[in-house]
Amino acid sequence: MSKKAKDEILDKLKAAPQTDVPPRPTVPPLNELAWNREERIEKLAENLTLLGCAVHRARDAEETVNKMTEIARAEGLTKIIASEDDVVATLNLAEWGKSNNIEVFTPRDGHDREAFKRIVFEEVQAGVTGVDFAVAESGTLCLIHDERQPRLVSLAPIRHIAIVPVERIHPIYESVTDTLFENREKAPSHITFISGPSMTADIQGSLFKGMHGPKTVTVILVEQTAT
Amino acid sequence: MKVKSEQFREVAIEELKTRHTRSHLDVIGLFISEMRRASMGTFPDPSAALELGRAIRAESIERLPELLEEFERNATANGAVVHWARDADEANALILRIAQERNVRLVTKGKSMVTEETGLNDVLIENGLEVFETDLGEFIIQLLGRPPFHIQGPALNIPVQEICDLFMEKGIMNEPTLDPVELGHAARVFLRNKFHHVDMAITGVNFAVAQTGTIINVENEGNIRLTKSSPRTQVSVMTLEKVVPTMQDAMHMLRLLCRNCTGQKIASYVSMDSGPNKGREVDGPRELFIVILDNGRSSFYRDPEVREILRCIRCGVCMLECPVYGKIGGYPYGWAYSGPMGQVLNPLMLGLERTQDLYRACTFCGGCKTACPAGIDHPQKFLYYRAKDVEGDPRYKGKRRPWTESSFMGIFTWVTKRRWRWNLGIKAARPFLNRHVEQGFIRGMKGPVEGWFKSRDFPAMAEKTFHDRMQERGSRESGEPSRS
Amino acid sequence: MDNPSLFIPCMVDLFLPEIGEACLRVLRRLDLDPIYHPEQTCCGQPAIHAGYVKKAKDSAKHFIDVFGEDDAVVCPAGSCVCTVKDRYPDLLQDEPTWLRRAEDLAPRVYELSQYIVDVMGVEDLGASYEGRVAYHESCRVLRGLGVSEQPKKLIKAVSGAELVPMQGAEVCCGFGGEFSTNYPEISEVLVSEKAANYIASGADVLVACDPGCLLNIGGYLNRNHPEKRIMHVASFLAEAIQDGRT
């Protein structure tokens with residue numbers, strides 16, 4: 001049935017008179033491409049702040065973990081979930097959680113989808129992830145989702161804490177997509193661009209953060225990571 | 001969705017008198033316009049960026065069949081299952097079957113204009129499924145049973161009191177509140193439960209990338225990401241024209257979409273699906289169905305004059321720029337699509353006869369066309385539809401105009417062919433027009449033009465036309481065509 | 001430079017002939033002796049807008065016959081110039097000879113201020129006016145022709161005239177030809193807001209380049225604020241020209 005529909009639709013489209021495809025205009029390269037490493041870091045931080053994200057800096061894994069402690073105390077965190085991506089893996093959050101009386105779940109603690117969802121929707125107060133890329137042009141965090149980096153960790157809890165190694169900061173979106181989609185077969189099945197907290201102004205134009213996704217996004221920019 | 005385009009005039013008059021409508025439209029207009037100007041200014045050459053967007057969309061539509069085939073090939077290679085549907089019934093039946101085969105009880109939906117076009121929700125609900133719109137504005141209007149007020153804010157005009165009453169009545173919350181943030185929070189808690197337990201996701205598609213077989217969704221709330229992450233089954237519905245050639249093209253259009261829609265550089269969340277999850281993930285869909293819907297588009301694709309309206313990326317900047325929409329909001333347009341983009345699309349979808357006002361209620365200010373990042377010439381389409389009406393073209397369900405009008409136009413154009421006829425026409429019209437003149441102005445006139453005079457005067461026809469004055473002066477003439 | 005030919009829109013011919021006379025005075029100020037073809041009637045826009053494209057061809061062909069040989073055609077109305085430049089080629093698509101003539105004529109048709117500033121290279125007409133002037137950006141002039149700086153330059157060059165900003169100067173006044181009588185309720189809201197913005201600007205006079213806008217805003221002002229003036233740019237300049245010749 002669907003094949004018949006497909007053929008009918010395509011036949012109609014192909015039978016239509018053809019007109020010329022207009023040539024593409026030349027456009028100057030985006031300003032962001034001219035930024036050097038320092039500028040990219042600064043611009044990322046600036047854009048993250050404009051989006052309402054809290055931005056911290058850390059030199060290395062140890063300082064990152066100290067920042068985590070600060071944040072956890074300030075927010076009164078007792079239960080969090082951390083993804084198992086390569087950035088978070090450098091922090092040994094299981095250890096950290098034990099020393100700080102914070103229960104640190106991982107996706108594998110949910111033995112199946114339902115158990116995982118219960119943790120991430122009902123139990124935890126924050127989700128901690130690394131990032132695969134960060135895009136300076138707009139303060140955007142880019143996550144590749146796979147079994148070590150589930151989708152819901154950065155989405156369901158009311159707080160998202162993201163660890164961003166500065167060497168993963170790129171100037172524009174194409175810096176990310178050109179790499180990821182160079183080879184279709186190796187392309188990730190799901191990627192997200194996260195730019196700030198969840199937002200709406202649907203009721204009388206009043207801004208409300210944390211509509212469905214996180215209300216706060218806290219970013220720790222890390223100079224040196226062991227990945 | 002019920003079609004109410006024939007009530008455009010009455011609904012417009014109502015909306016003009018509605019304080020909430022007017023004040024919200026004014027505020028949205030001002031606020032988003034400013035942000036849009038600023039964010040478009042981040043391009044080194046904003047008008048080149050606009051032109052590139054137009055070229056990408058023009059190419060997308062000119063190469064449509066080829067790009068759709070490429071998209072299907074790549075999406076299928078990614079593991080998605082691609083279905084094609086000729087019309088709304090086929091699409092709805094298909095999606096219902098997918099749901100029933102999997103014993104789906106609960107569905108959450110991301111904002112999708114195409115599923116409003118097909119009336120999908122009603123079909124699913126009739127068959128015993130629970131369906132929840134999850135975009136806050138869509139959620140509210142779903143509960144109210146109302147059409148969208150505005151493309152970016154479907155429920156912006158609804159007063160908090162009404163939302164509070166609604167939420168109390170429907171059990172969304174237990175304690176009344178007029179605080180928009182608390183109301184939003186109540187919706188969050190209620191819908192969170194649905195996201196947690198949802199069986200099947202239904203989303204629209206902002207862009208379908210042919211090169212990689214990827215579908216892209218853009219949002220601020222996170223409801224689409226949640227909908228795509230929680231259940232095992234995802235159905236994403238796209239109409240033919242959503243396809244773009246490459247991922248680089250998609251990124252450029254993404255920038256233009258966000259800037260022109262809400263004035264942001266980018267929305268809070270952009271999610272890209274290249275197939276279902278790879279099998280070992282604990283969340284995300286095991287099955288991804290992509291439904292490619294035609295619903296009449298392949299028919300009007302055949303006419304190169306109207307094909308260009310398929311370039312639309314649903315950014316809504318035309319509504320932001322439109323002086324008419326800016327006063328009346330979305331309700332009067334009477335269907336899923338409003339503002340100038342609705343005015344070009346609805347007549348093709350519903351027929352010219354049922355949408356007379358949609359392509360006539362335009363001042364030709366050109367705001368839409370000037371701003372459109374997809375390169376659509378809306379005013380030119382309106383003229384085309386009016387001409388199709390006059391012809392009574394059956395392909396467009398054109399309705400022949402009243403004989404009084406066509407006679408008048410016949411006489412008018414005949415009279416323009418020769419000055420002596422024009423002069424005669426003036427001599428005949430003048431005493432009639434000027435019969436009630438006060439201090440050089442006409443204050444009122446019954447008949448088709450009487451609406452003008454409610455708040456305006458009109459100058460009397462001059463006793464001596466410009467032509468008369470020139471004749472009297474005996475000004476120099478040269479190169480006259482043959483007199484008659 | 002050859003003398004331009006004057007294209008007088010039917011609205012001006014019938015209802016606002018003083019605008020035509022003002023055009024003559026202004027162009028003569030530039031030592032031009034404008035040609036007036038008495039055979040001209042109407043560009044056919046009302047018929048085109050109503051969808052009577054076959055019938056409107058007659059109007060278009062007559063126009064091309066009248067103006068086809070002129071080096072430059074100058075018109076005090078943006079919407080009429082747009083009709084000739086943008087709509088005529090569409091209209092005559094299936095008649096190659098006429099199409100060629102229409103496409104040939106299009107670049108030679110100008111809105112008045114565009115002609116004075118861009119073609120004649122003049123901004124200062126040696127005129128004077130004491131007072132504040134607001135400028136309404138008629139849609140067909142601004143977006144239809146991309147003309148905006150030219151009339152403002154002409155106004156600013158008038159000694160004593162102060163061009164003041166007006167909120168919503170680029171917003172449509174709600175005329176749109178048949179729109180104003182077919183959808184008068186919406187049109188009325190737009191024109192009343194335009195008038196309110198004009199009054200709020202504190203200007204002594206409002207100037208515009210399109211007679212349609214003038215009829216609309218002027219009609220509203222006459223009924224509701226008769227002490228407030230709106231003038232066509234030609235009339236404003238003609239009045240300000242101290243020793244205008246006729």
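## How the chains meet

In this predicted model, two pairs of chains are in contact, and chains A and B share the most contacts. Chain A and chain C are joined by no contact, and their closest C-alpha atoms lie 16 Å apart. Chain B, by comparison, touches chain A and also touches chain C.

## The contact of chains A and B

Chain A brings 64 residues to this contact and chain B brings 74 residues. On the side of chain A that touches chain B, several elements of chain A each supply at least two residues, among them helix 5 (113-123), helix 6 (173-180), strand 6 (140-145) and strand 9 (190-194). Helix 1 of chain A gives the largest share, nine residues.

Sorted by class, the side of chain A that touches chain B holds 31 nonpolar, 20 polar and 13 charged residues.

## The contact of chains B and C

Here 59 residues of chain C are in contact with 58 residues of chain B. On the side of chain C that touches chain B, helix 4 (residues 53-67) of chain C gives the most, with eight residues. The residues of that side of chain C divide into 30 nonpolar, 17 polar and twelve charged.

## A helix pair within chain B

Chain B contains a pair formed by helix 3 (residues 46-62) and helix 12 (residues 247-261), whose axes come within 10 Å and cross at roughly 125°. Angles over 145 degrees count as roughly antiparallel and 65 to 115 as roughly perpendicular; helix 3 and helix 12 of chain B are therefore oblique to each other. Their crossing is left-handed.

From helix 3 of chain B, the residues that take part are Ala49(B), Leu52(B), Gly53(B) and Ile56(B). They meet Asp249(B), His252(B), Met253(B) and Leu256(B) in helix 12 of chain B. By class, the residues of this contact are five nonpolar, two polar and one charged.

## The fold of chain C

Chain C has 13 helices and eight strands. Its C-alpha trace spans about 50 × 45 × 25 Å along the principal axes. A compact globule of 246 residues would have a radius of gyration near 18 Å, and chain C, with 18 Å, agrees with this.

Of the 246 residues of chain C, 61% count as buried. Among the contacts in chain C with a separation of 6 or more, 80% are between residues 24 or more positions apart.

Technical notes: Residues are numbered from 1 along each chain as its sequence is written. Chains are lettered from A and ligands numbered from 1 in the order in which they are written. This is a predicted model: local features need pLDDT of at least 70, side-chain atom pairs count only at pLDDT 80 or more; totals for chains, interfaces and linings use all residues. Helices (H or I, at least four residues) and strands (E, at least two) are DSSP runs, numbered from the N terminus. The radius of gyration is taken over C-alpha atoms; the globule rule is 2.2 Å times the number of residues to the power 0.38. A residue is buried if 20 or more other C-beta atoms lie within 10 Å of its own, exposed if 12 or fewer, and partly exposed in between; C-beta atoms are placed from the backbone. Two residues are in contact if their C-beta atoms, placed from the backbone, lie within 7 Å. Axes are lines fitted to C-alpha atoms, for helices over the stretch in contact, and angles run from 0 to 180 degrees between N-to-C directions. Angles under 35 degrees count as roughly parallel, over 145 as roughly antiparallel, 65 to 115 as roughly perpendicular and the rest as oblique. A crossing is left-handed if the near helix is turned anticlockwise from the far one by less than a right angle, and right-handed if clockwise. Ala, Val, Leu, Ile, Met, Phe, Trp, Tyr, Cys and Pro count as nonpolar, Asp, Glu, Lys and Arg as charged, and the others, Gly among them, as polar.
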